[in-house]
Protein chains: 2
Amino acid sequence: METKDILSRRGIAPSLTRLKIYEYLRAASHPSVDEIYQNLKEEIPTLSKTTVYNTLHLFVEKDLAKALFTDFSKNRYDIKDVPHAHFHCTECDEIHDIHEITPPRIAEDAIEGYLAKEAQLTLKGVCPRCRRQNTNSQ
Amino acid sequence: METKDILSRRGIAPSLTRLKIYEYLRAASHPSVDEIYQNLKEEIPTLSKTTVYNTLHLFVEKDLAKALFTDFSKNRYDIKDVPHAHFHCTECDEIHDIHEITPPRIAEDAIEGYLAKEAQLTLKGVCPRCRRQNTNSQ
DNA sequence: AAATAAAACTGTAATGATTACAAGGGGGTG
DNA sequence: CACCCCCTTGTAATCATTACAGTTTTATTT
């Protein structure tokens with residue numbers, strides 16, 4: 001399927017900028033906003049970084065792309081020693097510990113060639129309290 | 001075990017500031033740096049935010065605490081649709097797709113009361129290339 | 001083709017988290 | 001008492017992200 005159609009299907013107008021960003025994203029490896037911007041501004045000299053942000057937000061909203069959480073961006077700390085997952089509620093922005101599901105225990109040499117030191121499992125969605133509030137108010 | 005001893009065991013001098021930060025971290029729920037700072041400066045009026053950063057970095061280095069990756073601060077994007085994990089190499093800062101291990105498929109209602117929409121599994125460690133380079137140069 | 005409205009795009013400024021860095025302070029040791 | 005080391009502090013710099021208002025482009029209607 002052509003990129004144009006992929007965007008159209010999701011209700012995104014397939015402008016040149018959006019096509020290029022989509023294609024860069026598909027070809028590259030987890031690029032940062034700046035990487036996308038730096039690389040595309042050769043082809044699209046008028047490109048603005050704000051547009052890259054806007055476009056990525058749009059893609060995420062329309063389920064065409066995902067925002068990753070990685071070690072680059074850590075702004076919460078935890079001290080619990082029992083393995084557990086984290087649930088981030090997108091409504092209230094709270095983080096809850098989840099013990100029903102745990103990050104897989106990964107041996108250091110589980111993945112050929114890699115030395116794995118830590119695994120984090122993060123879930124995203126709506127927490128019980130926010131679900132109740134949504135139901136009540138609608 | 002007393003907090004003082006927990007720190008000492010890891011080779012961290014148990015200063016008042018560090019004790020308080022450790023105890024706050026243990027009692028609170030995934031606090032941000034600012035939350036820790038705001039709450040402790042009542043007790044420790046001279047506290048500086050830099051100290052909170054320094055102390056947390058120290059705890060992480062000594063394996064007393066973990067930095068979480070969450071949706072709050074995401075700065076990489078991905079478009080792949082096959083479920084896969086991400087491996088963040090702490091030496092070269094690259095992110096690799098890992099297909100040998102995948103995030104557990106989590107049904108929306110898998111966790112009592114929660115609505116789970118997405119799961120991300122992130123590993124941390126050293127990638128094959130960096131491991132080879134370390135070996136060669138030492 | 002002109003007129004209009006809506007949607008995309010842009011640039012600048014503001015915000016917020018984090019880091020860099022150089023200097024201050026306190027406690028223990030010789 | 002002098003010295004040194006480590007902890008702590010404050011300011012300034014950096015970097016990613018967002019806010020916002022204005023401009024350009026595109027599509028639509030006349």
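Predicted model: local features only at pLDDT ≥ 70, side-chain atom pairs only at ≥ 80, totals over all residues.
The contact between the chains involves 62 residues of chain B and 62 residues of chain A. Between them, chain B and chain A bury about 6,600 Å², and 61% of this area lies on carbon and sulfur atoms. Polar contact, counted for pairs with both residues at pLDDT 80 or more, links 22 residue pairs between chain B and chain A. The side of chain B that touches chain A draws two or more residues from each of several elements of chain B. The helices among these elements are α2 (16-27), α4 (49-61) and α5 (128-137), and the strands are β1 (66-69), β2 (76-78), β3 (85-89), β4 (95-98) and β5 (115-126). The element that gives the most to this side is β5(B), with 12 residues. Sorted by class, the side of chain B that touches chain A has 32 nonpolar residues, 15 polar residues and 15 charged residues.

Strand β5 is also where the two chains pair. In chain A this strand covers residues 115-126, and its pairing with β5(B) is antiparallel and runs over 11 bridges. Within this pairing, A:Thr122 stands opposite B:Gln120 of β5(B).

Salt bridges were then counted. The structure holds 6 salt bridges over all chains, and the count between chain B and chain A is 2. In one salt bridge, the side chain of B:Glu118 meets that of A:Lys124, with an N to O distance of 3.6 Å. In another, the side chains of B:Lys124 and A:Glu118 meet, again at 3.6 Å from N to O. B:Lys124 lies in strand β5 of chain B and A:Glu118 lies in strand β5 of chain A, so this pair joins two chains.

When residues up to four places away in sequence are not counted, B:Glu118 touches A:Lys66, A:Thr122, A:Leu123 and A:Lys124. Of these, A:Lys124 is the salt-bridge partner of B:Glu118, and A:Thr122 is the residue that stands opposite B:Gln120. Within chain B, the side chains of B:Glu118 and B:Gln120 are joined by a polar contact of 3.1 Å.

Chain A was also considered by domain. The domain assignment divides out domain 1 (3-61) and domain 2 (85-137) in chain A. The centres of these domains of chain A, taken over C-alpha atoms, are separated by 28 Å.

Methods
Residues numbered from 1 in each chain as written. Chains lettered and ligands numbered in written order. Heavy atoms only, no water. Contact = heavy atoms within 4.5 Å. Buried area = accessible area lost by both parts, 1.4 Å probe. Salt bridge = Lys/Arg side-chain N within 4 Å of Asp/Glu carboxyl O. Polar contact = N/O pair within 3.5 Å; in protein donor to acceptor, adjacent residues only side chain to side chain. Helix = DSSP H or I, 4+ residues; strand = E, 2+ residues; numbered from the N terminus. Nonpolar A, V, L, I, M, F, W, Y, C, P; charged D, E, K, R; others polar. Pairing = 2+ DSSP bridges. Domains from an automatic or database assignment.
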